[in-house]
Amino acid sequence: MAISEFRGDNMAYSKFWRGRGGQGQGTKQQQQQGSRALLPRVDLLYPGVLAFAAGLAGNFYHHLLLSRLRAGGGNDKKGYKIPTGGLFGLVTCPHYLFEILAFFGFAMISQTLYALTVAGGTAAYLAGRSCATRKWHASKFDEFPSRIKALVPYVW
């Protein structure tokens with residue numbers, strides 16, 4: 001398939017996305033112009049893929065660091081530990097930060113209101129969880145550094 005077929009220059013594509021109503025009305029040129037109106041003005045595919053991939057990689061890396069805290073099979077007599085490595089020296093929940101990045105990358109790829117709503121809802125939920133986690137760490141550990149933020153390094 002040529003790229004023009006994905007961009008709405010193909011009549012089958014145009015009819016599919018415009019729905020059944022009014023399929024036979026207008027000239028071929030008018031139908032093609034109508035289908036182009038459905039396409040976003042700015043193509044965010046490549047930045048979205050980059051953000052999505054970076055989010056997945058960062059999330060995986062920080063979850064790997066968290067899993068190493070329980071490398072002894074969970075039989076650690078000391079209980080909880082303050083995570084170290086990666087961005088854990090700057091924020092309490094860097095894995096949440098990267099998960100939010102992945103969701104917004106997906107929203108950039110799809111460029112739909114639904115994906116943006118899901119990304120925004122996920123960001124709000126994880127921001128709240130990260131704030132609660134930071135407060136818990138501060139109450140549980142006397143040596144917890146005050147410079148460590150909840151979600152965004154140096155900001156919040």
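The protein chain has an accessible surface of about 10,600 Å², of which 61% belongs to carbon and sulfur atoms. Accessible areas here come from the Shrake-Rupley method with a 1.4 Å probe, and for residues only the protein chains shown count as cover. The model is a predicted one, in which local features need pLDDT of at least 70, side-chain atom pairs count only at pLDDT 80 or more, and totals for chains, interfaces and linings use all residues. Residues are numbered from 1 along each chain as its sequence is written, and side-chain values use heavy atoms, with hydrogens and water left out.

### The overall plan

Let us begin with the secondary structure. The chain has six helices and zero strands, and its pattern along the sequence reads α-α-α-α-α-α. Helices (H or I, at least four residues) and strands (E, at least two) are DSSP runs, numbered from the N terminus.

How much of the chain is buried? Of its 156 residues, 26% count as buried. Buried means under 20% relative accessible area, exposed means over 50%, and partly exposed lies in between, with a 1.4 Å probe and protein chains only. Among contacts with a separation of 6 or more, 59% are between residues 24 or more positions apart.

The unreviewed UniProt entry lists residues 44-66, 87-107 and 113-132 under "transmembrane region". UniProt positions are given in the numbering used here, feature names are shortened, and annotations may be inferred rather than shown by experiment. In the model, the span 87-107 is 67% helix and 0% strand, and its end C-alpha atoms lie 24 Å apart. The span 113-132 is 100% helix and 0% strand, with 29 Å between its end C-alpha atoms.

### A nonpolar patch on the surface

Which residues form the nonpolar patch on the surface? They are L45, Y46, V49 and I109, and together they have about 360 Å² of accessible area. Patches are made of residues with over 30% relative accessible area and no salt bridge; like charges are joined within 9 Å, and nonpolar side chains (Val, Leu, Ile, Met, Phe, Trp, Tyr) within 5 Å. A salt bridge is a side-chain nitrogen of Lys or Arg within 4 Å of a carboxyl oxygen of Asp or Glu.

Helix α4 (residues 45-69) gives the patch its largest share, three residues. I109 sits in helix α5 (residues 94-110). I109 counts as partly exposed because its relative accessibility is 31%.

### Residues that meet across the sequence

N59 is part of helix α4, and it counts as buried because its relative accessibility is 15%. Leaving out residues up to four places away in sequence, N59 touches H95, F98 and E99.

A123 belongs to helix α6 (residues 113-140). With 17% relative accessibility, A123 is also buried. Beyond its neighbours within four places in sequence, A123 is in contact with I100 and F104. From C-alpha to C-alpha, A123 and I100 are 5.5 Å apart in space, while in sequence they are 23 residues apart.

V42 lies in the loop between α3 (28-36) and α4. V42 is 69 residues from Q111 in sequence, and their C-alpha atoms are 9.5 Å apart in space. Q111 itself is found in the loop between α5 and α6, and its phi is near 50°, a positive value in a residue other than glycine. Y154, in the segment after α6, also has a positive phi, of about 65°, although it is not a glycine.

The table gathers the accessibility of these residues.

| Residue | Relative accessibility | Class |
|---|---|---|
| V42 | 52% | exposed |
| Q111 | 27% | partly exposed |
| Y154 | 68% | exposed |

### The cysteines

How many disulfides does the structure hold? There are zero disulfides, a disulfide being a pair of cysteine sulfur atoms within 2.5 Å. C93 is in no disulfide, and the nearest cysteine sulfur, that of C131, is 9.9 Å away. C93 counts as buried because its relative accessibility is 2%, whereas C131 is partly exposed, with a relative accessible area of 23%.

Terms used. Contact means heavy atoms within 4.5 Å.
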